[in-house]
Amino acid sequence: PAARLEKLARPWLPPVDISETDSSLLLKIEIPGIKAEDLEVEILENAVLIRGETREEKLEEKRDVYRRECHVGSVYRRISLPASVKAEGATAELKHGVLNLKLPKLAEKKGKRIPVQTK
């Protein structure tokens, strides 16, 4: 008989795709097996924090597990953004294990020229 495998604790950093439009940053984060109520998204000016918890299914019958590759436990990822964003107007949608975020960009702060005088 095959040896029984122990469950290994490992950090879970979900993969992220980031794209940009003129007015928003779009993030696609793969987090299969997590429910919206177990997920927290925090928007900072130039980063996004994703925290969550996946739960292990309760098996009704006794069985030996030989391989466990699906992550169970906490999820945490801090994602640095290529532009500053604002929380107002941001949207988050979880569908088929993919979290889609649309983050409005802050207006660029432009410098102001001042005249140089000679004396």
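In E4, valine 48 is the bridge partner of isoleucine 43, and E3 and E4 pair in the antiparallel sense over five bridges, where two strands count as paired if DSSP finds at least two bridges between them. This is a predicted model, in which local features need pLDDT of at least 70 and side-chain atom pairs count only at pLDDT 80 or more, whereas totals for chains, interfaces and linings use all residues. Residues are numbered from 1 along each chain as its sequence is written, and side-chain values use heavy atoms, with hydrogens and water left out.

**The chain as a whole**

- The protein chain holds zero helices and seven strands, the helices (H or I, at least four residues) and strands (E, at least two) being DSSP runs numbered from the N terminus.
- Of the 119 residues in the protein chain, 24% are buried, where buried means under 20% relative accessible area, exposed means over 50%, and partly exposed lies in between (1.4 Å probe, protein chains only).
- Among contacts (heavy atoms within 4.5 Å) between residues at least 6 apart in sequence, 60% join residues at least 24 apart.

**The sheet of three strands**

- Strands E3, E4 and E5 form an open sheet in the order E3-E4-E5, with antiparallel pairing.
- Its edge strands are strand E3 (39-43) and E5, each of which pairs on one side only.

**The sheet of four strands**

- A further open sheet has four strands in the order E1-E2-E7-E6, and here too the pairing is antiparallel.
- Strand E1 (16-20) and strand E6 (91-95) stand at the edges with a single partner strand each, so one side of each is left without a neighbour in the sheet.
- E1 and E2 pair in the antiparallel sense over five bridges, and in E2 the bridge partner of valine 16 is isoleucine 29.

**The largest nonpolar core**

- The largest nonpolar core has 17 residues, of which Leu27, Ile29, Ile50, Leu81 and Leu101 touch the most other members; such a core is a set of buried Ala, Val, Leu, Ile, Met, Phe, Trp, Tyr and Cys residues joined through side-chain atoms within 4.5 Å.
- At least two residues of this core come from each of strand E2 (24-30), strand E4 (47-54), strand E5 (73-80) and strand E7 (98-104).
- In soluble globular proteins, nonpolar side chains tend to be buried together.

- Leucine 13 lies in the segment before E1 and is exposed, with a relative accessible area of 57%.
- When neighbours within four places in sequence are left aside, leucine 13 is in contact with Tyr76 and Arg77, and its C-alpha atom is separated by 9.1 Å from that of arginine 78, which is 65 residues apart from it along the chain.
- Serine 24 is found in strand E2 and counts as buried at 4% relative accessibility, while its contacts, again leaving aside neighbours within four places in sequence, are Ser19, Lys102, Leu103, Pro104 and Lys105.
- Histidine 96 has its place in the loop between E6 and E7, where it counts as exposed at 76% relative accessibility.
- The phi of histidine 96 is near 55 degrees, a positive value in a residue other than glycine, whereas most residues other than glycine have a negative phi.
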